[in-house]
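Hi,

Here is the structure I said I would pass on. Have a look at it first, and then read on for my notes.

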Amino acid sequence: MKLDRKKYELARARACKGQRELVAEGIPKGTLCRIVGGGEAKPETMGRIAKILGVDVTEIIETD
């Protein structure tokens, strides 16, 4: 799965959470940097990020 960066940043803004908050809630910094940089992520990792941001996972992933 790939992260849609614009959708992700909007979700982060709505949740008022920065990268530090995501790391503090259990997302490894290296993993987060890789995903935000365009790398692939496991579905469960995307699910955890979405849960922390309070959105459905479909709101932050790329859809074709």
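One thing to keep in mind from the start: this is a predicted model.

Let's begin in helix 1. Glu9 and Arg5 sit 4 residues apart in that helix, so about one helical turn separates them. Residues three or four places apart in an α-helix point the same way, because the helix has 3.6 residues a turn. The side chains of Glu9 and Arg5 do meet, in a salt bridge with an N to O distance of 3.0 Å. Glu9 is partly exposed at 39% relative accessible area, and Arg5 is partly exposed too, at 45%.

At the start of helix 1, which covers residues 5-15, you'll find Asp4. One of its side-chain oxygens comes to within 3.2 Å of the backbone nitrogen of Lys6. Just after the helix comes Cys16, with a positive phi of about 55°.

How many salt bridges does the structure hold? There are 3, and the Glu9 and Arg5 pair is one of them. Side chains of opposite charge can pair when their charged atoms come close. Another bridge joins Lys17 to Glu25, where the closest N and O atoms are 2.7 Å apart. Glu25 counts as partly exposed, at 43% relative accessibility.

Glu59 and Arg14 also form a salt bridge, with 4.0 Å between their closest N and O atoms. This pair links distant parts of the chain: Arg14 is in helix 1 and Glu59 in the segment after helix 4, 45 residues apart. Glu59 is partly exposed, at 38% relative accessible area, while Arg14 counts as exposed at 59%.

Now for the helix packing. At what angle do helix 3 and helix 4 pack? The angle is about 95°, and the axes are 12 Å apart. Angles of 65 to 115 degrees count as roughly perpendicular, so that is how helix 3 and helix 4 are arranged. Helix 3 runs over residues 29-36 and helix 4 over residues 43-53. Thr31, Leu32 and Ile35 make the contact from the helix 3 side, and Thr45, Met46 and Ile49 from the helix 4 side. Sorted by class, the contact has 4 nonpolar and 2 polar residues, and no charged ones.

Leaving out residues up to four places away in sequence, Thr45 touches Thr31 and Ile35.

Val36 is in helix 3. Is Val36 buried or exposed? At 12% relative accessibility, Val36 counts as buried, because the cut-off for buried is under 20%. With neighbours within four places in sequence set aside, Val36 is in contact with Leu3, Arg5, Tyr8 and Gln19. Val36 and Leu3 are 33 residues apart along the chain, yet their C-alpha atoms are separated by 6.6 Å.

Next, the loop between helix 3 and helix 4, where Glu40 lies. Glu40 is partly exposed, with a relative accessible area of 47%. Which residues does Glu40 touch, not counting those up to four places away in sequence? They are Met1, Lys2, Arg34 and Ile35. The Glu40 side chain also reaches the backbone nitrogen of Met1, at 2.8 Å. As for Ile60, 20 residues from Glu40 in sequence, the C-alpha to C-alpha distance is 13 Å.

Last stop: Thr63, in the segment after helix 4. Thr63 is exposed, at 54% relative accessible area.

Cheers

Conventions: Residues numbered from 1 in each chain as written. Predicted model: local features only at pLDDT ≥ 70, side-chain atom pairs only at ≥ 80, totals over all residues. Heavy atoms only, no water. Polar contact = N/O pair within 3.5 Å; in protein donor to acceptor, adjacent residues only side chain to side chain. Helix = DSSP H or I, 4+ residues; strand = E, 2+ residues; numbered from the N terminus. Axes fitted to C-alpha atoms, helices over the stretch in contact; angles between N-to-C directions. Parallel < 35°, antiparallel > 145°, perpendicular 65-115°, else oblique. Contact = heavy atoms within 4.5 Å. Nonpolar A, V, L, I, M, F, W, Y, C, P; charged D, E, K, R; others polar. Buried < 20%, exposed > 50% of the residue type's maximum accessible area, 1.4 Å probe, protein only.
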